[in-house]
Amino acid sequence: MTITFQDGELRQLLREHVQRTQPELLAHGHDQTLTYPDWLGTGHKRDIELPSGISLTLHRYRLHQNLVQACAAEQADCFEFVFNLTTHSQYNEGPVFCDRHAHLLAPEGQDSRWREFANQDYLAVDIHLDPPLLKALSEGHSTVPKLLQNLLNGEYTFPFIDPVAITPAMQTALWQM
């Protein structure tokens with residue numbers, strides 16, 4: 001069985017669950033932890049907003065059932081670097097993203113569906129950057145891949161760059177987070 005959530009419903013459900021059970025996890029506006037209710041899974045998502053304008057989401061959970069998050073195009077407004085450490089997930093009905101791989105999602109101009117699979121440890125780090133911030137950080141760097149340059153200019157037909165393997169150095173940094 002698969003449970004489907006629309007446009008932020010899952011995050012709202014987790015927030016309400018934490019508000020009822022552990023409101024102290026929401027006390028700090030820039031560092032909040034959302035736990036999963038027992039009927040859905042175990043574990044949590046932790047959202048951290050850094051002063052630089054970069055935000056992180058640290059995922060550490062396990063679902064009891066497959067889950068789909070459907071998102072309208074206007075809901076995705078930032079670039080998201082996704083580092084899957086121990087999980088598989090699927091974008092729309094297309095590629096399945098494997099563990100120990102990373103990919104970049106651009107702000108989407110289309111509706112999307114993310115499928116997460118039950119009975120696996122979901123351990124991932126997401127880094128979110130607004131388009132102007134990522135563009136500013138990449139300016140003047142001659143090593144910015146052409147595909148990323150196109151994404152920064154809003155020129156894309158598919159909202160992500162193909163996954164790349166997480167290197168040992170990247171994995172060390174991610175585990176430290």
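Visitor: How much space lies in the largest pocket?

Guide: This is a predicted model, in which local features need pLDDT of at least 70 and side-chain atom pairs pLDDT 80 or more, while totals for chains, interfaces and linings use all residues. Residues are numbered from 1 along each chain, and side-chain values use heavy atoms, without hydrogens and water. A pocket is an open set of points on a 1 Å grid where a 1.4 Å probe fits, with protein on both sides within 12 Å along at least five of seven lines. The space in the largest pocket is about 880 Å³.

Visitor: Which residues are closest to the centre of the largest pocket?

Guide: Lining residues have an atom within 4 Å of a point. The elements that give two or more of them include β1 (2–6), α1 (9–21) and β11 (121–129). Of the 32 lining residues, the closest to the centre are Arg 11, Gln 69, Cys 71, Glu 80 and His 128.

Visitor: Which side chain makes a polar contact with that of Asp 126?

Guide: Asp 126, in strand β11, is buried (under 20% relative accessible area, 1.4 Å probe, protein chains only) yet has no salt bridge. A salt bridge requires a side-chain nitrogen of Lys or Arg within 4 Å of a carboxyl oxygen of Asp or Glu, and the nearest side chain of opposite charge, Lys 45, is 6.7 Å away. A polar contact pairs N or O atoms within 3.5 Å, one able to donate a hydrogen and the other to accept it. At 2.7 Å, the partner of Asp 126 is His 59.

Methods:
Grid points are joined across faces, edges and corners, and a volume is the space filled by probe spheres set on the points. Helices (H or I, at least four residues) and strands (E, at least two) are DSSP runs, numbered from the N terminus. Buried means under 20% relative accessible area, exposed over 50%, partly exposed in between (1.4 Å probe, protein chains only). Lys and Arg count as positive and Asp and Glu as negative; His and the chain ends are not counted.
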